[in-house]
Amino acid sequence: MQIHVKQGLIQEEDTELVVVNLFEGVSTPGGALKAVDQALNGLITQLIEEKDFRGRLGETHLIYSQGAMPAPRVLITGLGKAEIFDLDRARQAAAAAARRARKLGVSRYSTIVHGAGQGDLDYGRAAQAVVEGTFLGLYRFDGYDRDNKPEETGLGVSQVTVVEVDDSRLDSLRENASIGQVYGEATNWARDLANEPSNFLTPGELSRRVSERGQQAGLRVEVLGEAEMAEMGAGSFLGIAQGSDQEGQFIVLEHLPKGRNAGDLTTVVLVGKAITFDTGGISLKPKTNMWKMKNDMGGGGATAAALVATALLNLPIHAVGIIPATENMPSGRAIKPGDVLTAMNGKTVEIISTDAEGRQVLADALCYAQRFDPAAVVDIATLTGSIGIALGRKIAGLFCDNDELRGRLSDAGQLAGEPLWPMPIYKPYRKLIDSDVADMKNSGGAYGGAINAALFLKEFAEGYPWAHLDVAGASWQDEQGPYSVRGGTGYGTRLLIELLRGYGQE
């Protein structure tokens with residue numbers, strides 16, 4: 001899909017559809033809506049007076065111009081209440097409009113920047129949000145359904161034009177619209193990876209796809225196999241990988257702007273869990289909803305997408321992505337409860353549950369991160385079911401005892417529309433993972449499960465500021481969301497890009 005930005009008047013756009021907006025509770029049209037209303041001889045004013053359209057967030061209303069304007073159709077998208085309007089509501093309004101345009105069979109349409117006027121948002125950020133929302137709203141996993149129709153997959157919308165009357169804003173709008181496209185496409189790629197069936201997206205195939213896209217974007221890509229991991233003593237990762245017939249892959253992505261030295265830039269390492277399918281291993285999961293475990297690589301997908309976006313945006317930062325990828329399977333070679341594994345830093349782990357595999361692969365990845373001498377390391381993982389019970393499907397858990405990093409992540413989540421909730425790293429709970437036969441156990445029980453998992457990871461995040469994002473609840477959507485569909489959400493992709501962008505602006 002192509003995104004254009006131009007100077008002009010929305011009521012004069014010669015296109016299939018124009019999109020304007022209305023805040024809930026507004027009785028008199030203003031701005032671009034007023035101009036369209038005048039062109040339509042007061043039709044929108046009448047619509048508001050009759051309360052046929054109230055401007056609720058996500059609500060849309062279609063009007064036929066009947067020759068009064070070059071565009072045959074006008075779509076009004078609701079912005080909700082002005083007092084709580086923000087960037088994420090701009091995304092949602094743009095997504096609602098894009099979906100309605102798709103249902104109408106529209107291939108191209110023009111829109112104003114939602115919320116940049118009466119919404120009092122920064123014009124550039126608002127333009128970014130509108131473009132993001134458009135891409136996110138049109139997403140659908142094409143998959144393997146032979147009955148998919150173009151108008152149902154978003155392929156029907158091929159061009160969206162952002163129209164701005166003030167030509168002094170055009171350069172900023174163009175720049176930020178391009179940024180919004182990178183964010184939207186990155187998130188949708190992460191969604192594709194999460195939705196892909198695990199028989200198609202094996203660890204090797206994930207490695208191939210990430211390598212291909214990473215190299216196209218200009219990333220340095222290195223993939224380590226099991227033999228190389230064994231030489232480094234990555235027994236925690238290999239203990240999980242040994243149960244699968246598919247070879248584990250340790251994917252390392254690196255962004256360094258051309259002509260810059262890593263020593264002159266801030267280094268931030270992202271670590272993403274990528275279990276391409278999780279059966280639970282010998283500690284087998286219940287059969288109900290096990291099929292969703294193809295999404296257990298959601299953190300790895302978000303990490304890969306964020307690194308690709310960082311390269312495309314050419315952010316002035318040294319960014320590294322580490323993605324340990326494997327399956328967790330119950331074969332004759334699989335580890336068993338009671339086994340002991342040795343991680344890359346020499347610490348030993350007694351396996352209580354083979355279904356606590358994510359922390360095992362992350363342990364070695366966190367050890368590997370040390371070699372980059374990072375200013376910060378953030379791991380992102382669909383790690384525990386307990387975080388979803390605690391925070392639901394919209395919010396991820398943030399575990400971090402570094403005030404600066406915690407603040408950066410919270411701010412990034414707010415900007416991205418991917419909220420985080422600070423969770424405690426409660427040190428007295430460390431005794432729950434004490435072991436009689438090893439340095440620690442890999443599970444401290446159901447109570448405080450997300451906290452125990454974070455305490456486990458902290459044992460391997462040594463020598464740098466570190467944060468852990470548990471996205472197990474937010475990474476999958478069972479119902480249609482404001483700009484998401486059922487399946488993988490790509491959660492964390494935009495948040496991580498915002499984090500890296502923030503570091504790069506210093």
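Ala190, Ala194, Asn295, Gly298, Ala302, Ser475, Thr489, Gly490 and Tyr491 line the largest cavity; on a 1 Å grid over the protein atoms alone, a cavity is a set of points where a 1.4 Å probe fits but cannot get out, and lining residues have an atom within 4 Å of a point. The model is a predicted one, with local features needing pLDDT of at least 70 and side-chain atom pairs counting only at pLDDT 80 or more, while totals for chains, interfaces and linings use all residues. Residues are numbered from 1 along each chain as its sequence is written, and side-chain values use heavy atoms, leaving out hydrogens and water.

The volume of the largest cavity comes to about 40 Å³, and one cavity of 30 Å³ or more turns up in a search of the whole structure.

As for the nonpolar cores (sets of buried Ala, Val, Leu, Ile, Met, Phe, Trp, Tyr and Cys residues joined through side-chain atoms within 4.5 Å; buried means under 20% relative accessible area, exposed over 50%, partly exposed in between, with a 1.4 Å probe and protein chains only), the largest has 54 residues, of which Val378, Leu409 and Leu469 touch the most other members. Apart from this core lies another, of 50 residues, including Phe250 and Met344.

Glutamine 66 is exposed, at 75% relative accessible area, whereas asparagine 314 is partly exposed at 47%.

Conventions
On a 1 Å grid over the protein atoms alone, a cavity is a set of points where a 1.4 Å probe fits but cannot get out, and a pocket is an open set with protein on both sides within 12 Å along at least five of seven lines; lining residues have an atom within 4 Å of a point. Grid points are joined across faces, edges and corners, and a volume is the space filled by probe spheres set on the points.
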